[in-house]
Amino acid sequence: MSVLERFRLDGRVAVVTGASSGLGVDFARGLAQAGADVVLGARRVDRLATTAETVEKEGRRALAVATDVADPASCDALVVAAVEAFGRVDILVNNAGIGTAVPALRETPQQFRSVIDVNLNGCYWMAQAAARVMRPGSSIVNISSILGLTTAGLPQAAYAASKAGLIGMTRDLAQQWTGRRGIRVNALAPGFFRSEMTDEYQPGYLDAQMSRVLGGRLGEPEELTAALVFLTSDAGSFVTGQTLAVDGGFTVT
Ligand SMILES: NC(=O)c1ccc[n+]([C@@H]2O[C@H](COP(=O)([O-])OP(=O)(O)OC[C@H]3O[C@@H](n4cnc5c(N)ncnc54)[C@H](OP(=O)(O)O)[C@@H]3O)[C@@H](O)[C@H]2O)c1
């Protein structure tokens, strides 16, 4: 197999959560371009239908499934639907997430718990459901954040805790599953990429952060998707338990 062929995902089936907007749409498109059929999960099914069209335009099959990752039964149902439609699950991209910024002395238990429920617990329910059906050679990628590794000037205890927790979970699931089940588990820690989440920042916030980005700019979604294809394909076959920051150098400043 040539080195470029190692990046191909032909014949694989990928599940992408949070595929109704932002990076999840780019991930679905990129995985389809690499050859995978893609199962799309999120709450807004109308938006998932649009992502499904994007996948089909790349010549691959798509399935949209209404999913709330905070509900373990909904995560199980997404994986069952994937297996019923396409026969297997080889790749899970745990991308669904919510972002909040609430000063710690004002944050309510409900606010804190809701972020952990989606960003951390949701990834665990999805990983459990997927690993039960995955065969050796499969790959899980958890979408963490630079906020799991450092701070960025906003009051984001819940978000940072969820994303740092995801890095620990990645390490442990890799330990449990790579040798015994042949499932690699890695995380991506994106820096700043424009999306509905980053559109909610106050004017000037992103510009102010750019001084900490060695590259001096926002990331392009394709730059993150390329790293995702590396981790999910045979190109990354000896990489497991790792967190790869794709951040233009933010976390080394
Ligand atoms: N953009 C960045 O710069 C950046 C940087 C670091 C990390 N990230 C991470 O990247 C991931 C994608 O974020 P984004 O920037 O693309 O934001 P986004 O456009 O707001 O997308 C978030 C996605 O998560 C889904 N989601 C939220 N709650 C959900 C739930 N309970 N069940 C199922 N799906 C749910 C949303 O779909 P529905 O509302 O339809 O359910 C949406 O598709 C997140 O995990 C985020 O933390 C982003």
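A residue is counted as near a molecule if its C-beta atom, placed from the backbone, lies within 6 Å of it. The exercises below apply to a predicted model.

**Exercise 1. Determine how many residues surround the ligand, and which helices contribute to this shell.**

Solution. 
Step 1. The cut-off of 6 Å is applied to the C-beta atoms. The shell found around the ligand holds 30 residues.
Step 2. The closest residues are Gly18, Gly22, Arg43, Gly97 and Ser195.
Step 3. At least two residues of the shell come from helix H1 (22-33), and at least two from helix H6 (196-199).
Step 4. Sorted by class, the shell consists of 12 nonpolar, 13 polar and five charged residues.

**Exercise 2. Describe how H1 packs against helix H2 (residues 45-57).**

Solution. 
Step 1. Two packed helices are described by the angle between their axes and the distance between the axes.
Step 2. For H1 and H2, the axes cross at roughly 25° and come within 8 Å.
Step 3. Angles under 35 degrees count as roughly parallel. H1 is therefore roughly parallel to H2.
Step 4. The crossing of H1 past H2 is right-handed.
Step 5. On the H1 side, Val25, Ala28, Arg29 and Ala32 take part, and they meet Thr51, Thr54 and Val55 of H2. This contact comprises four nonpolar residues, two polar and one charged.

**Exercise 3. Describe how H1 packs against helix H8 (residues 221-232).**

Solution. 
Step 1. The axes of H1 and H8 are 9 Å apart, and the packing angle is about 55°.
Step 2. H1 and H8 are therefore oblique to each other.
Step 3. H1 passes H8 in a crossing that is right-handed.
Step 4. From H1, the residues Leu23, Asp26, Phe27, Gly30 and Leu31 meet Pro221, Leu224, Thr225, Leu228 and Val229 from H8. Seven of the residues in the contact of H1 with H8 are nonpolar, two are polar and one is charged.

**Exercise 4. Describe the contact between helix H3 (residues 72-86) and helix H4 (residues 109-133).**

Solution. 
Step 1. The axes of H3 and H4 cross at roughly 35° and come within 8 Å.
Step 2. Their crossing is right-handed.
Step 3. Pro72, Cys75, Asp76, Val79 and Val83 of H3 meet Trp125, Met126, Ala129, Ala130 and Val133 of H4.
Step 4. The contact of H3 with H4 has nine nonpolar residues, one charged residue and no polar residues.

**Exercise 5. State which residues the annotation "domain: Ketoreductase" covers, and describe that stretch.**

Solution. 
Step 1. According to the unreviewed UniProt entry, the annotation "domain: Ketoreductase" covers residues 12-191.

Methods
Residues numbered from 1 in each chain as written. Predicted model: local features only at pLDDT ≥ 70, side-chain atom pairs only at ≥ 80, totals over all residues. Helix = DSSP H or I, 4+ residues; strand = E, 2+ residues; numbered from the N terminus. Nonpolar A, V, L, I, M, F, W, Y, C, P; charged D, E, K, R; others polar. Axes fitted to C-alpha atoms, helices over the stretch in contact; angles between N-to-C directions. Parallel < 35°, antiparallel > 145°, perpendicular 65-115°, else oblique. Left-handed = near helix turned anticlockwise from the far one by under 90°. Contact = placed C-beta atoms within 7 Å. UniProt positions renumbered as here; feature names shortened; annotations may be inferred.
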